Amino acid sequence: MKRRKVDLQQAPVNAAKGVDERFQAATPLRALLNKVFPDHWSFLLGEIALFSFIILLLTGVFLTLFFDPSMKEVAYEGAYPALRGTEMSAAYESSLHISFEVRGGLFMRQMHHWAALLFMASIVIHMARIFFTGAYRKPREANWAIGMILFLLGFLAGFTGYSLPDDGLSGTGLRIASAIMLSIPVVGTWLSASIFGGEFPGHLIIGRFYIAHVLLIPGGLLALISVHLGLVFKQKHTQWPGPMRTNTNVVGERMFPRYALKQGGFFMAVFGTVALMAGLFQINPIWLFGPYRASEVSSASQPDWYVMFMDGLVRLMPNWQIYIGDYSIPPLFWPAVVGLGALTTGPIFWPWIEARKSGDKRIHNLLERPRDNPERVGIGAMAFTFFIIATLSGGNDVIADKFHISLNAMTWAGRIGMLVLPPLAYFISVRICLGLQQHDREVLAHGVETGIIKRLPNGQFVEVHQPLGPVDDHGHPIPLEYGGWVVPKKMNRVGALAPAVKGFFFPVEKPAEAPVSPGMPPVSGDTREEITSGRK
Amino acid sequence: MTTLHDDATATQKAVDVSDPRLSRFDIVKEGLRRDEIEIITYESQFQGTNSKAEKRVVRNIALLFIIAGLGALAFLGFYIWWPWRFELGETLSDFYTPLLGISLGVSLFALGLAILAWAKKLLPHEVSIQARHDGGSPTDEQKITGQTMMFVADELGNGVQRRPLLKGAIGFGLAPIGLVAAAPLIGGLIENPHKDELPIMYTTGFNPGKNGGNLVRLTREDGSPIRPEDVSTGGQMTVFPGIPHGATNEYADSPTLLIHLRADDAQKTREAAEADRRNQGSMWGDYVAYSKICTHAGCPASLYEQQTNRLLCPCHQSQFLITRNAQPIFGPATRRLPMLPLGVDEEGYFVATSDFKDTVGPDFWERP
């Protein structure tokens, strides 16, 4: 029996006990510490969006300390000589103030803008990963829908954000936004007048966009991101098929310590990348654009990249106006309102459409390799081709200028390409998927090509195949079943390489990691006798 | 560091955690069992303790942490001591933002790599399997919850059904409160675009109504009026209504392009204008003025191509032919640019003899 005394080592234990007595935290905390996460590089794309969002919140708060969301006309008297004496809005003046007279302000502004571009880019790439692997299938349809809404909110956050400085470029964007509202049948003029508080541009819009940009939209983003992550937690992450992995388990590592540490490291790497970009690559140099004037615009006026697809659609739209009696629908309505609406809300319903089409009501926790669902890949390829053509068309004047192509030719190329290339992409990607499938089956049936040519007694040359599984009495491989995961197709993938030769710094030849899960011990030279199909 | 390959049966059994013989890891494993986790491998990535490989990894990670610290110190140093105030010309202050970016970027990136290397190279390699439970709650749970909800609905719903007075009172009480929430939004936010005497959708600064009934002069951005000889042949000028704030964004629909055409082009333009009901008599000599606001999305259609007599809008590439009433000939615009009727007052300055006869700016549903 130890003597009781004030024991410093015992203090945290007592504190923890005290907390648990009040909050009963022990069991849920243990479950959290122990939670198993599957690991694959493609599962980290969404994390980039999350980390960019955190950077956006941090830098955004800094910017609000200096920004003045007012359209009051002032004469500039700041540090940038080229604009001194120019009449401008207080919003633009304070943006210039942040850029020139706040220590590190320009750095923060550029970090905010780059993080916003990265946020949207990682959302799109993350969505592509989800789509092409079928991760949205039951029970995760709702999270797919939330993801689409997050994209739309991010789009609005971006648009309201780059309108705030009230410079020449963003004012032009606002003008187009007003025209888009005007194009809506019946309520267009009322909508525009209500949002701008009268005639464009009025004196209210920057203040209204400001509250939307710093409170309403980030509030929505924060709430939906919480639900998004909460659902990932609750429903547990999907995993790739592979050894030991089934639809009813999760194979990976526990959240603590390793997984959480890797997340933290990744966050810092993303943060560092954004900081590097913010320091080295200039973005949105508003002082070159001057204050917004309704009469001025320069060529190559482009929005941020994630709005360019809409701008491209607007450029490609033929001038078809629909007249209904005394009223009419301007062509701007179709790409900018119907197009944007359909492209951002239509995909929300995809999980249910696919499930209905295939009559699939099962729960899917295992991902599908893209090649195993050619039709889905085809549709995705079609969508992305459309998106890319629209985005490129959003900068078709710059392409025309740099490559000395006629501007009209670029427009026509976009119009025709938009109709012709997506079906072509569908066809090509489906064929590629089928080809890859066939090759997988071929290797499973015949084995891996060894590159060894054997001459038979009758003079015939044959290539020797290394069977992946057992062989029958004649030495022919018994065909293996496909397990939904990578089939080794090269000899070094099944551990045929000799033990690594040591170099001065690194091994000259590294034994390739076998394409099996971390569950299998790494294939090294001395375990070469065990060759499996990658399926237990 | 331990290496364990558990056989499944061993992990199934509950252990008594008060047993003093249990190691800490045994207790952790009991927790894993309770969370339905089977730990397959948990093995050090190094052979033996203090191996050469391990020492090298530790050195590298330490180096990365040190780089992170140095980068952060460099950031602080640059932030405090580097000249940062903007000056014209090539000065040291030009490098302020890049230096902040490089130092902070290197610092954070090294920190990230250090943590990643620590997790990936130093911590034991692990494979665990946790069970999932999909497919809803047990059926009896579903039934109990469903019945409970039905019970609640019955209590409230039937209660209201049986008591007509309550039903009416609830309806009468709640509906106006709902409207109260909507009232300030609708009443405060909704603006009628057609309420003004000079409706905003159809009026620009060139309307004599904006100038006390007098004709409005064409002015430069600084407000100075323009004589015909100020615009050379083949030249063009952006003009604004000569009224207070006429050149500001308050009159965002008013910027106009005044063009002095060459004689042959002027002839063509005049023929086209005279043949048109709206544009008849709107030119003055060889001068023509078109609204600069694109009829497509409202950008200034300001790129004037003298050779082909086209106006190009740089936003969506609509092109308008000046010699044919600014008819759109390419791109998404459907409507021509409105022509401003020109005249010259007794002092010899350009005036607009009336407002634009066509609606200026982007198109909308009820445009006449």
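## A walk through chains A and B

Over residues 285–351 of chain B, the chain is 34% strand and 0% helix, with end C-alpha atoms 13 Å apart. Helices (H or I, at least four residues) and strands (E, at least two) are DSSP runs, numbered from the N terminus. UniProt, in an unreviewed entry, places the feature "domain: Rieske" at this stretch, residues 285–351 of chain B. UniProt positions follow the numbering used here, feature names are shortened, and annotations may be inferred rather than shown by experiment.

This is a predicted model: local features need pLDDT of at least 70, side-chain atom pairs count only at pLDDT 80 or more, and totals for chains, interfaces and linings use all residues. Residues are numbered from 1 along each chain as its sequence is written, while chains are lettered from A and ligands numbered from 1 in the order in which they are written.

**Domains of chain B**

- The domain assignment gives domain 1 (8–43), domain 2 (52–130), domain 3 (140–189) and domain 4 (208–352) of chain B; such bounds come from an automatic or database domain assignment.
- Between the C-alpha centres of domain 2 and domain 3 of chain B there are 58 Å.

**Helices and annotated transmembrane regions**

- The unreviewed UniProt entry annotates "transmembrane region" at residues 61–84, 96–119 and 169–190 of chain B.
- Residues 61–84 of chain B are 88% helix and 0% strand, and their end C-alpha atoms lie 34 Å apart.
- For residues 169–190 of chain B, the figures are 95% helix, 0% strand and 31 Å between the end C-alpha atoms.
- Helix H4 (residues 96–122) of chain B has 27 residues and reaches 37 Å from first C-alpha to last, close to the 39 Å expected (1.5 Å times one less than the number of residues).
- Because 21 of its 27 residues are buried, H4(B) is largely enclosed by the rest of the structure; buried means 20 or more other C-beta atoms within 10 Å of the residue's own, with C-beta atoms placed from the backbone.

**A sheet with strands from both chains**

- An open sheet of 4 strands runs in the order E1(A)-E4(A)-E2(B)-E1(B), with antiparallel pairing; two strands pair if DSSP finds at least two bridges between them.
- Its edge strands, E1 (36–37) of chain A and E1 (37–43) of chain B, each pair on one side only.
- E1(A) joins strand E4 (residues 249–254) of chain A through 2 bridges, and A:Val36 has A:Arg254 as its bridge partner there.

**Strand pairs within chain B**

- Strands E3 (residues 216–219) and E4 (residues 236–241) of chain B are antiparallel over 2 bridges, with B:Thr219 opposite B:Phe240.
- E4(B) also pairs with strand E5 (residues 256–260) of chain B, antiparallel over 4 bridges, where B:Thr238 partners B:Leu257.

Definitions and conventions:
A residue is buried if 20 or more other C-beta atoms lie within 10 Å of its own, exposed if 12 or fewer, and partly exposed in between; C-beta atoms are placed from the backbone.
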